[in-house]
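Please keep the sequence and the coordinates at hand.

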Amino acid sequence: MTDDKRVYLFDSTLRDGAQTQGVDFSVNDKLAIAHALDRIGVDYVEGGWPGANPTDDAFFGAPPSFKRAKFVAFGMTRRPGRSAANDPGLNALLNAKTAAVCMVGKSWDFHVDVALGISRSENVDMIAESVEHAKQRCSEVMFDAEHFFDGYKANPQYALDCALAAYKAGARWVVLCDTNGGTLPHEVERIVGEVSARIPGSNLGIHCHNDTENAVANSLAAIRAGVRQVQGTLNGLGERCGNANLVSLIPSLMLKTDFTVGLSSQELTQLTHLSRLLDERLNRAPTRSAAYVGDSAFAHKGGLHVSAVEKDPRTYEHIEPSLVGNRRHIVVSDQSGRANILARFREIGLDVDADDGKVGALVETVKLREYEGYAYDGAEASFELLARRALGSVPTFFRLARFRVMDERRWNVRGDLVTESEATVTLDIEGEQLMTVASGNGPVNALDSALRKALLPAYPALADMRLVDFKVRILTPQAGTEAITRVMIESADDAGERWTTVGVSPNIIDASFEALNDAITWKLLKSCARQSQ
């Protein structure tokens, strides 16, 4: 492969991704993510906008030290009516003293006329003078041509004039931005092809937003048409509908094209970890259906699919999951057959003969329980316990004798309306009966706290277990308050393990206890806890 196939990866998670609704990175978050991007082999890491907020100021004040990536500061071209040398915003960008800077400017005449309210020629001058001034202070300057594709469709010559102004002034990269995310792949490929006739592709980048769900496709089309830098974010973070998802772009380039990037095949196996590291930092559950790295990306549910995958995974998988650090997952549900059950047995380390009568019985049990409301395709830990119990191999770590949950809504001494929950549980643990009481933020939290309070002295392995998600679904809404309720609980621990359990009952607290009971039992089983007597 020759150098003309080399594509440079530019990550904007810490700047454009930080504009995602509900995302608020701390300085420590930025440091952790930046170092992870450097380790995996990303070429450019955009840290934020110096002078825009205290977090970015602190981040650029003590920047991360990279071994491979170039640290990039983001800002704007000079303002109208000021010289480049005397513009405070531009100087704040250059004073960041990063390895590279990326400045944004208008390239759509509509924006110049309406948003800036200046002459079109002055906007071109602003671009050229800002890039030229930055070149005197910084070794590598990039220009983000904002709204380039909308601008090119409206006035091709003017949009091209803006891009050429940056290129002729010395910009290393002129990045064509689909800022509103409304351009389609065939348009991107055509326009990039026309631009690359005037500006070499080795100096062109692409920056796509995902408002038509085409950001990755548009980026690939632009690369195909000649650009050699691609900008995006981890997990597709970004304003509105997000940016091009680097987690999808990177393996698509490496595994499905003859283009090259700065990652090795070994570093590609860290992609799933990198994606989930970001989600952990944001305190949110990973997207199960995410391409390449999601839990469902290589999940097989239908019995016909599983049977074929057992013979050759290529029948229903476009790549080997381990190439991106993911794994195959055989789902067990009411659509399952013996192949699903046997495959799951192998996944969880159960050695069962295919002709064992217990396999057929378990298939029927799963189908019956899913008819009753259980959902094992999303509750793998509960299925593992169901399977192991069917084979008689789950220790009894504790037994519940009784529990009681009370909620109280009252006015406190300060006149504030408060709601408190209190749970009492009585458990048999290793032949001893214990009763504990705990309060919590809601009845399920109180019940969980009371269980842990009783169990921790006997099972310290539970100390790092925590509940990270709680979902309730009414299965028979026509029954009103007597409806059957399904509760799904996702748990996690400090080792990075995540597991999901399910409970079903007409009583939401009872369903919650069933899911909690499975979650705790699964954790103890995996931690090789002592079997209670």
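A residue counts as buried under 20% relative accessible area and as exposed over 50%, with partly exposed in between. The model under discussion is predicted. Arg-410 has a relative accessible area of 30%, and it is therefore partly exposed. Its salt-bridge partner is Glu-420, with 3.0 Å from N to O. This pair links distant parts of the chain, since Glu-420 belongs to strand S12 (residues 417-429) and Arg-410 to strand S11, ten residues apart. Glu-420 has a relative accessibility of 36%, so this residue is partly exposed as well. Elsewhere, salt bridges with shared partners connect Arg-276, Arg-288, Asp-295 and Glu-380 in one network.

The protein chain comprises 18 helices and 16 strands. Its C-alpha trace spans about 85 × 70 × 50 Å along the principal axes. Of the 533 residues in the protein chain, 52% are buried.

Charge pairing deserves a further look. Side chains of opposite charge can pair when their charged atoms come close. In this model there are 36 salt bridges. One of them joins the side chains of Lys-30 and Asp-56, at 2.4 Å from N to O. Are Lys-30 and Asp-56 buried or exposed? Both residues are buried.

Another salt bridge is formed by Arg-314 and Asp-312, whose closest N and O atoms are 2.7 Å apart. Why does Arg-314 count as exposed? The cut-off for that class is over 50% relative accessible area, and Arg-314 counts as exposed because its relative accessibility is 68%. Asp-312 has a relative accessible area of 24%, so that residue is partly exposed.

The aromatic residues form a second set of contacts. A pair of aromatic rings is described by the distance of the centres and the angle of the planes. The structure contains 13 aromatic pairs. Among them is the edge-to-face pair of Phe-397 and Tyr-459, with 6.0 Å centre to centre and 85 degrees between the planes. The two residues stand 62 residues apart and link distant parts of the chain: Phe-397 is in the loop between helix H16 (380-390) and strand S11 (399-411), while Tyr-459 is in the loop between helix H17 (443-455) and strand S14 (466-474). Phe-397 and Tyr-459 are both buried. A single aromatic cluster is made up of Phe-59, Phe-60, Phe-66 and Phe-71.

Aromatic rings also meet charged groups. The charged end of Lys-5 is placed over the ring of Phe-259, at 4.6 Å from the ring centre. For Arg-369, the charged end sits over the ring of Tyr-374, at 4.1 Å from the ring centre.

Two packed helices are described by the angle between their axes and the distance between the axes. Helix H9 (residues 215-225) packs against helix H10 (residues 246-256) with the axes 10 Å apart and at an angle of about 40 degrees. How are H9 and H10 oriented to each other? Angles under 35 degrees would count as roughly parallel, and 65 to 115 degrees as roughly perpendicular; H9 and H10 are therefore oblique to each other. The crossing in which H9 passes H10 is right-handed.

Methods. Residues are numbered from 1 along each chain as its sequence is written. This is a predicted model: local features need pLDDT of at least 70, side-chain atom pairs count only at pLDDT 80 or more; totals for chains, interfaces and linings use all residues. Side-chain values use heavy atoms; hydrogens and water are left out. Rings of Phe, Tyr and Trp (its six-membered ring) pair if their centres lie within 6.5 Å; planes under 30 degrees apart count as stacked, over 60 as edge-to-face and the rest as tilted. Helices (H or I, at least four residues) and strands (E, at least two) are DSSP runs, numbered from the N terminus. Buried means under 20% relative accessible area, exposed over 50%, partly exposed in between (1.4 Å probe, protein chains only). A charge sits over a ring if NZ of Lys or CZ of Arg is within 6 Å of the ring centre and within 35 degrees of the ring normal. A salt bridge is a side-chain nitrogen of Lys or Arg within 4 Å of a carboxyl oxygen of Asp or Glu. Axes are lines fitted to C-alpha atoms, for helices over the stretch in contact, and angles run from 0 to 180 degrees between N-to-C directions. Angles under 35 degrees count as roughly parallel, over 145 as roughly antiparallel, 65 to 115 as roughly perpendicular and the rest as oblique. A crossing is left-handed if the near helix is turned anticlockwise from the far one by less than a right angle, and right-handed if clockwise.
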